[in-house]
Amino acid sequence: MEKAKISASQLFILMILFQLSNSLLIPLAINAGRDSWLAIIIAMIVSIFLFSVYQALYQYYPALLPTDYMEKLIGKVFGRTLAFLYILFFLFSAARVLREFGVMLLSLAFPETPLFVMSALLILVVVYTVYKGIEVVARTGELLFVVMGLLGLFLLLLIAISGLIDISNLKPFLEEPSKVIKTAFTETLYVPFGEIIVFTMIFPYLNQARKLKKTAIFAIGTTGVILALTMALNISVLGLALTERALFPLLSTIQSIEVGEFLERVDVIFVLILVIGGFFKVSVYVYGAVIGTASLFNIKEPSRLAYPLGMVVLLLSMIVANNYPQHLQEGLKVFPLYAQLPFQVIIPVLLLIIAFFKNKKT
Amino acid sequence: MSYRKFLKKMNRKEQSQDLEKDDPKSIDTSLTENLNIIKEKTGNSPDIIIRIISFGHDPKVRTAIIYADGLVDNPTINEYLVESMENNVQEKLHGKDPFTILSEKVVALGSVKTAKDWDSLFQSLLSGDTVILMDGKNEALIGSTKGGERRSIEQPDSEVSIRGSKEGFTESIATNISLVRRIINNPNLWVEPMNLGKQTKTDVSIMYINGIADNDTVEEVRHRLRRVNLDSILDSGYIEQVIEDESIGLFPTIIHTERPDAAAGNLLEGRIAIFVNGSPNALIVPAVMIQFFQTPEDYYMRFPISTFIRQLRVLMYLISLIGPALYVAITTYHQEMIPTGLLIIIASQTDSVPFPAIVEALIMEVTFEILREAGLRMPNKISSTISIVGALVIGQGAIQAGIVSPAMVIVVSVTAIASLATPSYDIAISARLIRFAFMLSAAIAGFYGIILGLIMLTVHLVSLRSFGVPYISPLAPFEPGNIKDTILRAPLWALNERPKFLSAKNRVRQGKNQRPQVPMSQGMVRADTKEGDKNEF
């Protein structure tokens, strides 16, 4: 662990930025059709229970990183192996986000630039940030959060005065409840809500431990509401068919803005949201991996790991899939089942049970 | 490791060599001997004036007055030393100590002290004091006679004000300290003197308000100043470079001002001022970035106007940072953002220009930088030549020759004016360099490059500290209570607290109800209200 402290409001902002990130842009929970917003809300509520598991574990070891207390819970060999697997999971998740981000950028504005260049530029900034430590990440968050907020309000205003919103697109309500439930539990719960597992690496830095519960739940709730509203907005502006087909529904929504003949192409706002979001998600994941590695292998200067691990993420992002459809397929079928479900849900629950019995005895 | 050890050894050797000099440490009893030592040590310089007077009567005592010509106030020496001593020639000395009589009765100066060692004697002599040596006494009397030719108090050049005080600091440290004292009439305004610079022995003073400034920060400033071991200190810039937190970055983490009112305002917020003799700039620490966009006049004006101007300054800084980069990005990658009509015009203009936008931008920016630097160091008489050449070269020649497009000229000019309009030269100059990095990143990756650049800049800025205070306070880390005086400027009556990041204690600045209490409400007033009532129910 590095010697640093972050405040509750900084954690709140980081969690929101981290979760919104790419989820704002993709057709989130679109398998639930018109009721995707409902699926998001359900997943959000369930994820609060999931968070309670993380929080309960944190309460047992408020000053320790998960990679440290795993060793205490299940022994040296298993604990360290598990911690190592978690680090790999963070790196892999970072690589997946980076890949997605790079592809989005290419398809948006830079069709002729190689993917590697785009990703490398972002990783450069990420490495620089992570090198500076969690306090700097948090403070950067505070400033960029204001930018994101202003942009969001501006967009909302533009969409509202363009008269694009058609509520009837959202009807009929609750056509297929089973689909909604299935989407919520098989997709949305893991991305973006379950991803807060990486924040267990950051919780120990909080300067007021008792504020954690309120802050995190509030952050999850806010994210859920914003995401649900965004999807509802997309569908009400574009209609279900168009939203389903769009690679980035938010982009299509923004592109349909037309105010007074001159405010037409405000795509750059989308690029801004995309870059800021991508930057934060990758940064937090890489930070989790860096600080975990440092504590696992007892490295004196964690900062030095930022550069090599950043390179690992960059290379992983290039080889993680042959092409984008394959990447999406992995993201929907393979990754949730074999990586996210165990790492985000099963292992924390098991660890909590072990922690409960261990601490009961003593 | 071994290299470090080696360095340490070297250091120790150097120090011990310093000590080995076989100079006499303390003053001798023989006057002739003493005068010889002074002559020898100053290399017989003609501006060290030694005057020998016989003092007293029965027995006479040989006394020498020694001073440095030009550093002292001549009338003072003539009137209060020489004359006074000659008038007292008749004093009977036998049985009494002539030195005591001299110091108590004869020398009619404001401040008199004694010295026994050569170091402090020379220190005083060369800073403008007068030294009096007496035969048979191994002690020197030092009278304060500082004076000589100096620049008078003038209006500061770099920080012009419309409304505020027109006084500016001068090169004399005593004058500068007094200028601040005149504003803050408070015994808690403490000054700590120091002598820095191995050769120059420059006077340096720390000034702060005891009880408002944070003790730890004051101690930190002391500590950093004490370890200064430079050969010479010719300007406050020397000190600045060896005590700042980030010495290799582009952003200033110490603010300097030429205005006593700005210094006083900062002291009252809990900051610490450092004065250096010979420099008309006071250093002020800790500095936060937002200060570089503020001027003391912001507090003298009505608050909505100050708020607007402050935000305008931040906007101008942003323009001077990314103005040309935006143009490069839009014309290279994002043409669809330009309204079609304008796009056609720009396209027809750039059609005749053989270079890509980035090369155009670089040519123009470099040309402008050259013109600006040339104009800065130019004697006034030929500066008009530069402006004519500049206007013709940039304005017309370049376009007609087909080297750059007219749109680019506009962008570069706006950027140039924006960077000149930033109130602090220190922060504006950082933008001048970073601008080129932004232009390159825009040429490589368009908006994406600019956004990444801005994120990187943000990360760099939030990682900076100035004497322990985060550089972007109070915005990040966010402190809701201190937001009132940042890019906003709340009404004066609402600025009740000092910045939290500067001092944890004594934060209450003023009384609570400083808002003007007007006798009548400005809303509708009932007819039966008596004068003086506040129309409250």
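A:Ile87 is found in helix H4 (residues 76-108) of chain A; helices here are DSSP runs of H or I with at least four residues, and strands are runs of E with at least two, numbered from the N terminus. The model is predicted: local features need pLDDT of at least 70 and side-chain atom pairs count only at pLDDT 80 or more, while totals for chains, interfaces and linings use all residues. Residues are numbered from 1 along each chain as its sequence is written, and chains are lettered from A and ligands numbered from 1 in the order in which they are written.

A:Ile87 has 22 other C-beta atoms within 10 Å and is therefore buried (20 or more is buried, 12 or fewer exposed, in between partly exposed, with C-beta atoms placed from the backbone). Its contacts, meaning C-beta atoms within 7 Å, include A:Ala289 and A:Leu296. A:Ile87 and A:Val290 are 203 residues apart in sequence, yet their C-alpha atoms are 8.2 Å apart.

By contrast, consider chain B. B:Lys41 belongs to helix H2 (residues 31-41) of chain B. B:Lys41 is partly exposed, because 15 other C-beta atoms lie within 10 Å.

Definitions and conventions
Two residues are in contact if their C-beta atoms, placed from the backbone, lie within 7 Å. Lists of a residue's contacts leave out its neighbours within four places in sequence.
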